[in-house]
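Subject: Structure for your review

Dear colleague,

My findings follow it, grouped by topic.

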Amino acid sequence: MTTIRPMTREDVPLVSALEAEVEVTPWSERALEDALGPDYVARVLTDDEGQILSWIVWRAVLDESELLLIGTAKNAQRKGHARALLQDALTEAEGRGIVAMHLEVRAGNDPAAKLYETSGFAIVGLRKGYYFYDGRREDALLMTNRWKEN
């Protein structure tokens with residue numbers, strides 16, 4: 001059984017370390033600490049023993065929201081943990097009266113793009129050469145899940 005709970009300051013060093021293992025441009029401890037502020041929603045998904053398996057950071061901007069970060073520990077990937085956190089975020093956002101969530105994803109990150117697509121996100125734009133990955137520039141896909149017109 002897994003649990004979703006708010007990320008705490010005590011979680012930051014571990015989340016930062018896990019983030020560095022799985023992300024091309026990982027968030028720093030400082031950035032994660034900033035995400036614990038009132039303008040953000042930062043959550044972790046843990047197992048029965050309290051081990052962090054996945055994490056998410058998003059924020060509301062008026063009546064819309066932006067997914068800023070989502071990740072899963074290397075040994076816990078492909079088990080639906082990120083999907084559970086994303087669904088929790090979408091449900092919470094809608095409950096707050098938010099009408100849409102936006103994100104950007106590296107065009108070559110097929111697993112993430114598939115997760116977003118199957119979670120109701122659609123490609124709405126492109127940022128050419130936005131990411132520097134593996135020694136080259138890569139585009140960012142801009143995606144939106146809009147469940148209500150504003």
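The largest nonpolar core of this predicted model has 37 residues. Within this core, W58, L67, L86, M101 and Y116 are the residues with the most contacts. At least two core residues come from each of the following elements: helix α1, the strands β2 (41–46), β3 (52–61) and β4 (64–72), helix α3 (81–95), strand β5 (100–106), helix α4 (110–118) and strand β7 (136–146).

W58 deserves a separate entry. Residues up to four places away in sequence being left out, W58 touches Y40, V41, S65, E66, L67, L68, A89, E92, A93, R96, I98 and M101. Two of these partners, L67 and M101, are also listed among the residues with the most contacts inside the core.

E19 belongs to helix α1, which covers residues 12–22. E19 is buried but forms no salt bridge; R106, the nearest side chain of opposite charge, is 12 Å away. A polar atom of the E19 side chain does, however, lie 3.3 Å from the backbone nitrogen of W27. Apart from neighbours within four places in sequence, the contacts of E19 are T25, P26, W27, W55 and L69.

Beyond residues up to four places away in sequence, E33 touches R9 and V12. E33 and E92 are 59 residues apart along the chain, and their C-alpha atoms are separated by 21 Å. E92 is, in turn, one of the residues touched by W58.

Most residues other than glycine have a negative phi. L62, which is not a glycine, has a positive phi of about 60°. This residue lies in the loop between β3 and β4 and counts as exposed, with a relative accessibility of 82%. R78, likewise not a glycine, has a positive phi of about 65°. The position of R78 is in the loop between β4 and α3, and with a relative accessible area of 68% this residue is exposed.

Yours sincerely

Notes:
Residues are numbered from 1 along each chain as its sequence is written. This is a predicted model: local features need pLDDT of at least 70, side-chain atom pairs count only at pLDDT 80 or more; totals for chains, interfaces and linings use all residues. Side-chain values use heavy atoms; hydrogens and water are left out. Helices (H or I, at least four residues) and strands (E, at least two) are DSSP runs, numbered from the N terminus. Buried means under 20% relative accessible area, exposed over 50%, partly exposed in between (1.4 Å probe, protein chains only). Lys and Arg count as positive and Asp and Glu as negative; His and the chain ends are not counted. A salt bridge is a side-chain nitrogen of Lys or Arg within 4 Å of a carboxyl oxygen of Asp or Glu. A polar contact is a pair of N or O atoms within 3.5 Å; within protein, one must be able to donate a hydrogen and the other to accept it, and residues adjacent in sequence count only if both atoms are side-chain atoms. Contact means heavy atoms within 4.5 Å. A nonpolar core is a set of buried Ala, Val, Leu, Ile, Met, Phe, Trp, Tyr and Cys residues joined through side-chain atoms within 4.5 Å.
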